[in-house]
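Me: I have a structure open and some terms to check. Please set each value against its definition.

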Amino acid sequence: MSRRQTVVVAGGAGFVGSHLCRCLLDGGHAVICLDNLLTGDLRNIAGLGRRGPFRFRRHDITETTALPGPVDVVFHLASPASPRDYLSHPLATLAAGSAGTDNLLRLAQEKSARFVLASTSEVYGDPLVHPQPETYWGNVNPTGPRSVYDEAKRFAEALTAAHRRARGTSTAIARIFNTYGPRMRPADGRAVPAFVTQALRGDPVTVAGDGLQTRSLCYVDDLAEGLLLLAAAATPGPVNLGNPYEITMLDLAHQVIRMTGSASPVVFVERPPDDPSLRRPDITRAREELGWKPTTGLPEGLLRTIAWFRSTATAPTSALS
């Protein structure tokens, strides 16, 4: 994304969306942030107007989305994304993936804009192929508790691809793997914020199951760069965006405890239904088609994340991974 563009970021007050807004503004672009604040937070975007042309509009994308003036790129990151959030808001999650995706695709078509869907590694479900390439179709329970998120994203991908084929809309699909960094909500149910806040408070660090399930953790700045490259490319995707470095949740818990200097014990809790056992992206396509790979190692990213959580009020919570 070289020349100055006007960019819509739906879900821009969320964790990833707010970082993307910042990167766009730092790149000289104008940003229109849409968010209904169901899981987003205005504190995430406080001060962004001082970085460049930034507008916030409180808006639910499941309602018709109309904007005056030109738009060059539409990023769709508007959805509850953590297990705790989408289990608390199942119907809103499904609506964001279906009606919300359709509305934003129509906006992109009307404006002749590039549309970038923030999909997820959860479309692979509990994978039978490891690592997961984009050619793998997944192993998803279509009616389980996690299905409201998994199937919403799978439908959003199908709708995005159909718009491209039927209407010629310029679209791209990013399959985002586990991402972490500053501005994660302490109580959103994901492993990194849960482990960090628990360790900083000296509370037991709660690991689901036996802790041998794996995740591949990508620092948020690396992810934002991948999204920008995808928006600037011609490829439709899907493209995996994630860090192929894989770690068990038990090892992650111990690493966080060491890095925080905590004396917290590890306590094992019940593992949630349909929790994936393995998660690691094959990023060959991202390397070859976007020239992208993550550059922030886990120790460096965790240090930055821990420092941010130290500076904010924390509350005890448990991890759903």
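Reply: A disulfide is a pair of cysteine sulfur atoms within 2.5 Å. This is a predicted model, where local features need pLDDT of at least 70 and side-chain atom pairs count only at pLDDT 80 or more, while totals for chains, interfaces and linings use all residues. Residues are numbered from 1 along each chain as its sequence is written, and side-chain values use heavy atoms, leaving out hydrogens and water.

Me: How many disulfides does the structure hold?

Reply: It holds zero disulfides. For Cys21, the nearest cysteine sulfur is that of Cys33, 4.5 Å away, and Cys21 is in no disulfide. Cys33 is in no disulfide either, its nearest cysteine sulfur being that of Cys21.

Me: Why does Cys21 count as buried?

Reply: Buried means under 20% relative accessible area (exposed is over 50%, partly exposed in between; 1.4 Å probe, protein chains only). Cys21 has 0% relative accessibility, so it counts as buried. Cys33 is also at 0% and therefore counts as buried.

Me: What makes α5 oblique to α7?

Reply: The axes of α5 (residues 191-201) and α7 (residues 249-260) cross at roughly 40° and come within 9 Å. Angles under 35 degrees count as roughly parallel, over 145 as roughly antiparallel, 65 to 115 as roughly perpendicular and the rest as oblique. Therefore α5 is oblique to α7.

Me: Which residues of α5 and α7 meet?

Reply: Contact means heavy atoms within 4.5 Å. From α5, Ala191, Val192, Phe195, Val196, Ala199 and Leu200 meet Met249, Leu252, Ala253, Val256 and Thr260 of α7.

How values were computed
Axes fitted to C-alpha atoms, helices over the stretch in contact; angles between N-to-C directions. Helix = DSSP H or I, 4+ residues; strand = E, 2+ residues; numbered from the N terminus.
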